[in-house]
Amino acid sequence: MPSVTKTTRIRLRPADTSKVPFWGQMLIGALWIAYTVFLIAAGQGEQDYHFLHYVFLVFSLVYIGYVLVHNAPIFGTQSYLEFTPGYIVHKGGLFRPKQVFAAEEIEAIDLAPMQLRIRLRSNDLYTLNLREVKGPKRRENFRNEIRRFAAQYNITLRETAPAPKL
């Protein structure tokens, strides 16, 4: 019987790097589809380049599919931070590679109220915005996992307390 390894996966929100929000992108795609279907149904331009309506319709559907796959967990969790024995794994989304940090390569971890910084022995610095961690319970679970990981592998952990609320 194979041994069970203890891993903890914390789901992250997709990195919101686009200038148009998710629902805006969906609205744009829906408008493109509605406009193309209207042109096909109206029969305008049938003598000229009517096939371009179908090409544009296919591209509009592909765009909607891309937005859904990139932003919604259709094929499982695509953005996550995983704590495995000896490693921290970060996956930023479906179309992004995994970033793996071995415990023996980590020199220090800085845990600020809304940011995690991992400093490697090669002087590389990795930063994770904690706004990607969804919800206060997941954020607290994440902080506990970082503390446990740092204690287990004797990694220097520097925590910055949140600013007092006035």
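Author: A salt bridge here is a side-chain nitrogen of Lys or Arg within 4 Å of a carboxyl oxygen of Asp or Glu. Searching the whole structure turns up five salt bridges. Keep in mind that this is a predicted model, where local features need pLDDT of at least 70, side-chain atom pairs count only at pLDDT 80 or more, and totals for chains, interfaces and linings use all residues. Residues are numbered from 1 along each chain as its sequence is written, and side-chain values use heavy atoms, with hydrogens and water left out.

Reader: Why is the D110 and R117 pair called a salt bridge?

Author: The closest N and O atoms of D110 and R117 are 3.9 Å apart, and the limit is within 4 Å, so the pair qualifies.

Reader: What makes D110 buried?

Author: Buried means under 20% relative accessible area, exposed over 50%, and partly exposed in between (1.4 Å probe, protein chains only). D110 has 12%, so it counts as buried. R117 has 24%, so it is partly exposed.

Reader: How do you know that E145 and R148 are about one turn apart?

Author: Both lie in helix 3 (residues 136-152), three residues apart. Helices (H or I, at least four residues) and strands (E, at least two) are DSSP runs, numbered from the N terminus. The closest N and O atoms of E145 and R148 are 2.8 Å apart, in a salt bridge.

Reader: What does the salt bridge between R147 and E159 tie together?

Author: The N to O distance for R147 and E159 is 2.9 Å. R147 sits in helix 3 and E159 in strand 8 (residues 156-159), so the pair ties together parts twelve residues apart in sequence.
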